[in-house]
Amino acid sequence: MADLTEDAVSKYLRDNPEFLAKWLSQNSLPDTGQCATKGNKEDGGESLLSGISNFSQIVKNSITGSIFKSYLQGERSRKVSVKKDRSTLIHMSESELFMELIRDIASELDVNVLCHKIIQNVSILTDSDRGSLFLCRGTKENRFLVSKLFDVTDTSTLEESIHTEENEIKVPFGKGIAGHVALTKETINIQDAYKDPRFNQEIDAKTGYRTHSILCMPIINFEGEVIGVAQIINKINGNHVFSQADEEVFQKYLTFCGIGITNAQLFEMSVQEFTRNQLLLHLARGVFEEQTNLNKLIEKIMLDAQEMLKCERCTIYLLEDSLENDPSNSTGPNPQESEPERKHEYAKLEDVSFSMAFDFFAKDNGTIKEPSPLQLAKSKNTEIAKSVVVKGTTMNIPDLEMDGRFGSEPFIEEDGFHTRSVLSIPINNSDKKIIGVTQLINKKNGKPFNENDENIIEAFSIFTGLGIHNCQMYENACRLMAKQSVALEVLSYHATAQTEEAAKLLKDPLPSAGDLRLYSFDFDDIPLPDDGTLKAVIRMFTDADVINTFKIPVEVMCRWICSVKKNYRPVTYHNWRHAFNVCQTMFTMLYTGELRPVFEDLEVFAMMVACLCHDLDHRGTNNAFQVKVASPLAMLYSTSVLEHHHFDHCIMILNSEGNNIFQSLSPTEYRNAIKTLEHAILSTDLALYFKKRGDFKSLIENGEKKFDEPYKKDLLKAMMMTACDVAAITKPWEVQQQVAQLVANEFFEQGDLEKTQLGEKPMPMMDRDKKDELPKMQVGFIDAICLPVYKMFCDIWPKLEPLYTGCQTNKIHWQDMSETASIHSAKELEKPKVEAQPQENNKSEVEEKRKVIKPEVEDVNKTNVHNTKTSLPTHSPNGIIIQTTKSQITDHHHHSKSQHSSSKAHASKMALDDHTPCKIQNGSHSKKQKSGFCVIT
């Protein structure tokens, strides 16, 4: 072992690189072993040395997780270099001295330990008696020095030399020797301290120590900024004067000292930041866990604030108008107010009013009090909080009495609490509106709140604002839910039929299905009064045997039918009459068309219910319009907007008292019934019809007749709903014309809304100015939608042929009208042009032309107020044929304000738009090429 030298070890390692790689992999970090192994495999010894060099670099520039964790847990015991005594340091060369210093800097992350060792070493090397270290604090406008290490000797310990917040000395920049060095960045070498006017002799008087010479230098970081000042006192040999060599040694040490202090401070800041983030995460977790009660949330916030900043008192103030945007407030914000007024930019303290406050006293075992309005008005601390609201910024007052803004007298509350320092910060909600103030009073250590406290409380206040805002929103939501429950209860009472209506219907005699012609495809509801339609529905459910099969109380069935009728709006077409006709068509397809054996009893029941409810609460506008105006329905449902609403409205009626016709079903039957009900109602969206029609056609072409599989049966139900929905196109020509005009009128009404409210030009189908194209659009609608579905049904169920033939017959009539209209338009174009007349004559001529061209059918709505037998002409000048009387229209309007109905689809779901068809999918337009039509759901 005596012969073991550094050269011998180096030679052995060079001769045995495999040993070095093995040793590094077993005794070093994993990265080191990888570097060494990789270098050995690829490039031999040269790469191996490169790997070692990389490892050295990694060690100097990395903070491992274990070290960081040990600092967080307060376990700071690490391998520390052995302290060198005076004789050892004196005999070391300059390079050895600085290698020792570099090792200390690289291994020590505690700024206090590092600086203590540096000052000790400098004192030894310069033969000084003692030294001190000051670090910079404060803002750029108000910087000062604080004593970190004071009177460090070569024998003193860290605990003896270190100054804490309780005993630290503050020296403003420019004051005293240390302050002058910090301000000017100059080195000061004083041979006789007492002859320098900057020296404060009071310190010697207090300590009894005699200061002779002083060497004071700034500590500069890599950016050239002063981060501290170091000084050594009294050279112990010679004439007590520090030499030029002493200055050079001191300067070199302080250069490295600046690097070490900067690194140590950065690491300390990272530890503090990590700790603060953990506290804020804890706060955020607590804030968002407690959302049900504002008082409990405030209590938790105050406890966390006091724990973070160790203050004697914490108060949270909430502004009186912090709930002004309460959604449950029926009045809401005034639209006439300007934006600044709505954001409440307070101009003076008198404008600020706190609705409540929460006071937390640490000394009273965490007692939280709620001051009364009178106590708030008298409190001096409340005045500070109001000032924060007016200014909208954080207010940190180290000494209230010296500050003077709120008076020079001691701040003593009525309860005897003495306020010395205050940190107040506004609380903002998600809209950056001030909703309150957090106020922290008097740190427990007696010191004022510092910049770090401000940073913590600012981040804290963000979570506080979000938490309070969310809690208020939750409480508001609970109130809104309560209001909604009350509103639904009231609406349910008024929207559902009363027992008297059901009793009256129950007492009336029930006509037979034969008398009502309910089994006929040519059924016409026009002669029936409204009460007659209700009786006809009861007759259909009776003949379908669902009332008996599912044990439905007759009074419940009667009340439910009356409620469904009551919940249809008096729109022009999509009203109760339309729903009644759709249900009658379904009844006819099942029994006259002989589709009944395909379905189970529950499916028949649910489909007939779906037909009656498929357009509940229809507003007379289509899905596209709902999306355009961003109606609440469009925001509630992303696809099939109205169809989803119809289904939900159906469920609401079923859940109303005395209207649950499914009350006797088992849970399984109930789920299946609701599933069928939803599927059937949503299938009336023609966007879904186009998607499913191809699959249905494939089944028909492949000879499918049983439809016993769930998917195939659902497909059949969807096609049946469409066939029933557009069945008005199959009715006798006299009925078909009237229904077509009703649909056109409803569309024109929507077009008028688009012109007036949206400022848009409506599509041709909804434009009154293009009413002449109605026959042409009807032909396109029949070809694209009606004939394909009826042809498929006719091919597999011959008994459904009347639907197909009726549709074909009506197509011929519409084609004739379209051709007539085209001829009429051509003749109008061939007429010679009339020269322009003076304005007055020209105006009368235009009026005369309008009288000629304007079709009588346009006055259908006006004829509703009359009850004469005047017949309308068979052909109007624009080619639309109307073969009915004003009395018929009037009677029908009397029966149902919205007139007769039949299929929603036949014109209500189509339009002609420059021969470019479009289909509504998911509430928006999508093009689908066909021939001269546009389908709108």
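**Helix and sheet packing in the predicted model**

Helices (H or I, at least four residues) and strands (E, at least two) are DSSP runs numbered from the N terminus. Lys310, with a positive phi near 50°, follows α13. The model is predicted, so local features need pLDDT of at least 70 and side-chain atom pairs count only at pLDDT 80 or more, whereas totals for chains, interfaces and linings use all residues. Residues are numbered from 1 along each chain as its sequence is written, and side-chain values use heavy atoms, with hydrogens and water left out.

An open sheet of six strands is arranged in the order β3-β2-β1-β6-β5-β4 with antiparallel pairing (at least two DSSP bridges between two strands). Because β3 (170–172) and β4 (188–190) each have a single partner strand at the edges, one side of each is left without a neighbour in the sheet. Three bridges join β4 to the antiparallel strand β5 (residues 214–220), where Ile214 is the bridge partner of Ile190. Helix α8 (residues 111–126) packs on this sheet, touching β1 (128–138), β2 (143–152) and β6 (226–235) (heavy atoms within 4.5 Å), and its direction makes about 145° with that of β1 (angles run from 0 to 180 degrees between N-to-C directions of axes fitted to C-alpha atoms, for helices over the stretch in contact).
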